[in-house]
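Hello,

Here is the structure we spoke about. Please look through it first, then read the notes on its aromatic rings below.

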Amino acid sequence: MSKKSYRDAIREAIAGEMRRDHRVIVMGEDNAGGAGTPGEKDAWGGVLGVTKGLQPEFGADRVLDTPITESAFIGAAAGAAATGLRPIAELMFVDFMGVCFDQIFNQAAKFRYMFGGKAVTPLVIRTMYGAGFRAASQHSQCLYPLFTHIPGLKVVLPSSPYDAKGLLIQAIRDDDPVIFFEHKLMYDEAAEVPDESYTIPFGEANVTREGRDATIVAFGRMVNLANQAADELKRQGVGVTVIDPRTTSPLDTETILDSVAETGRLVVVDESHPRCSMASDIARLVAEEAFSDLKAPIKTVTAPHTPVPFSPALEDIYVPTPAKIRDAVFAVREGRA
Amino acid sequence: MQHSRQFLLESYRSMATIRRFEDRVHDEFAGGKIPGFVHLYAGEEASAVGVCSQLDSRDAIASTHRGHGHCIAKGCDVPAMMKEIYGRRDGLCGGKGGSMHIADLAKGMLGANGIVGGGPPLVCGAALTAKYLKTGGVAVAFVGDGGSNQGTTLESYNLAKVWQLPVIFVVEDNGYAESTASAWSVGGSQLGRAAGFGMPGAEVDGFDFFAVYDVARDAIERARNGDGPSLIHARLSRYYGHFEGDAMTYRAPGETAKLREEKDSLKIFRKQVTSAGLLEHKEIDAVEAEVSKLIDEAVAAAEAAAPPSEADLATDVYVTY
C-alpha cells in the first residue's frame, strides 16, 4: 500500500497485467513515443505520461506506437482481440472518436452478437475525457453516454486512483470490449493504493457518503465534486448519500433505487451535455421505476448544451461545481422544480 | 505450376459451390423466401478461391458485404450458411447476423461486413495477432473497388506497411461500386496506390483461377516470410446487381448475358484443365452433380429449420454482464 497518483495507478494496472498475461499488448499514438526518431525511445510514454516505462520493460513488439490513424489501429485492436490477443488501445482524446467510432460500435461491440455468440472480443480502449484543461471544444468532451448507449460495450469511469487500478485490471481481464474513461484533470490526484493486483467488479456502485436527506448520483470526476458538496452540506446539517456507479454499462441500478427509496430525493451530477446524458438516463430510471418513492422532482447538474468554451472564464462556468451541486440538493429538499 | 488432381477438383468444387449457391439464393430471394438484403458474388469465384485455396487454419480473411463467396472459399459450412441467410436458429451465426454479417471465426472468416471498408483494419489486427504470436499466419482483406476508396482501407495499407504486417489486400474490382463505375470513382490506380504506400502490387484477370493463384502465391509467401503487405488488383465482374432487387440500369444492355457467356470462371477453368489433360469432363461433371445436390439439400434444410425464439433475442450481447 502506498500513495499513488491516478496516472501511476493506471500504469501499475497495465504493467501488472502485462507481466501476468503474454497476450496483453498496448498500442496508441505516442504510447511510447520516439518511433523512428533520432532522439529518445519512450520519449513521451503517452501524451500525459501514463504509459511511460512500459516499452522499456516489455519491448517494442508489445508496446506499439501507431501512426495517427485511429480508424486503422482501433480497428486493428478489435481484430486482434477477436483473434486471440488482449489489446489495450488508447484513443488519446475521446473527442477523436469521430474518426474511429465505426470500429468501436459497429465492429468490436457487435461481433459477439452478430456472429451468434462465437466471438470473444477482449478489447480495452483507454481514453481521456473531460473539461477544465482549457483544451477547448475538440479536446474536452465527455461523450461516455454515446458509448453507454451501445449494446455490446462496457463503459467504466473511475473516480479515484484506487478505483482506477482495480477497474482497469478488471477491464483487462474482462472478455468484452471495455471503454475506460480517464479524466484528464485527475492524473496527478494521489491516494493510498495497494501495491498488489486487485479487481473491482463492474456493475457495483461505490457509496462514498451516507445520509438520509438526499441521494446524489455522480459520474467520474463529478464524484469528487459531489463529495465536496456533501461535506459542506454535512456542516450545514444536511446528510446526503453519494453514489458512484463506477460503470455506466453495466449500471448498478439496485443501489440507486434502494437509496432513492430511503431518501426520496435525487440529484444527478454529470459533466456531459444535458440531452441523452447519464443524467437523463438515471432520471428516466428513477422516474419510471421509483416514482412513488420520490418526494420531489429530480434535479440534474450537468454541463450546458454548448461545445466546451476555450476561455477559462467561460469554461469555469461550463463545468459543474460543488456549489451548484449543493444548490441542487437544497432544491430537492424544498421540493422546488 | 503443377497442381495435383485433388487440388484442381477441390478448387473447382469450391468455385462451383459459390456459383450454384449464389444462383440459387438469387432465385429464392426473387421468390420472396429470404429476408433482408443479399449481395451476390456470382462471377467473382476465381478471386475468392484463387486466394483462399492457399490459406490454412492459421490464416484469417475479412470480406465485404458481398461475403458468401469468401465464406464458402474459406471452408465455412454451406448448409449452416444457407440457414443463416434464411434467418434460422441454427444458422452459422444463430440467425443473428444474416447475409451481411456471415462469419465463422473458428474457420478464420472474420465476417462479411455491412460497413464498406470495415474489413481492412480488422485484418491488420488478425495479422498483428499472427505476427505477435508467431503462428506463421497471414490475413487477407478482400475489398471492392468501392471499398478501395474508404479511408479505413487506405489507412490499413499504411498501418500494414508501417508495422510490416503479413497482410494481403485483394481489391476485387468488378467495375461498379453500387451504381457508379470504378473507372469514375477511383482516383489514380489501385497499383499506383499500392506503390504510394510502398507495397508490391499485381494486377490480374479475376476470371482466371490460375492467374489469381499465381499472384496470390507470391503475396502470401511474401507475408509469411515477414516481408510485409502486398496488394492484388483483380479485375472481374459480378453477374447480379449490387443487391438483389437492383435493376442494374447503370449497366449496358446485354452486359451480364455477355459476361456469362464470355467471362465465366468455371468455363474458363474447365477449358484450361481439360485441354491440358489435367482433368476429364466427366470428373468435373461429377463435382457439379454433387454441388447441385449439396445446394438443394441446403435449401430444403433451411426452409424446414426453426427460427430463433424470443429467448434468443438478448443472448450473446456480452460474455458476462
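**Aromatic rings**

The charged end of Lys96(B) lies over the ring of Tyr113(A), 4.4 Å from the ring's centre (a charge sits over a ring if NZ of Lys or CZ of Arg is within 6 Å of the ring centre and within 35 degrees of the ring normal). This is a predicted model, where local features need pLDDT of at least 70 and side-chain atom pairs count only at pLDDT 80 or more, while totals for chains, interfaces and linings use all residues. Residues are numbered from 1 along each chain as its sequence is written, chains are lettered from A and ligands numbered from 1 in the order in which they are written, and side-chain values use heavy atoms, without hydrogens and water.

Rings of Phe, Tyr and Trp (its six-membered ring) pair if their centres lie within 6.5 Å; planes under 30 degrees apart are stacked, over 60 edge-to-face, and the rest tilted. Over all chains, this rule gives 21 aromatic pairs.

One of them is edge-to-face: Phe101(A) and Phe147(A), 5.1 Å centre to centre with 75 degrees between the planes. Phe101(A) is in helix 4 (residues 101-108) of chain A and Phe147(A) in helix 6 (residues 144-148), 46 residues apart, so the pair links distant parts of the chain (helices are DSSP runs of H or I, at least four residues, numbered from the N terminus). Both Phe101(A) and Phe147(A) are buried, meaning under 20% relative accessible area with a 1.4 Å probe, protein chains only.

Regards

Note on methods
Helices (H or I, at least four residues) and strands (E, at least two) are DSSP runs, numbered from the N terminus. Buried means under 20% relative accessible area, exposed over 50%, partly exposed in between (1.4 Å probe, protein chains only).
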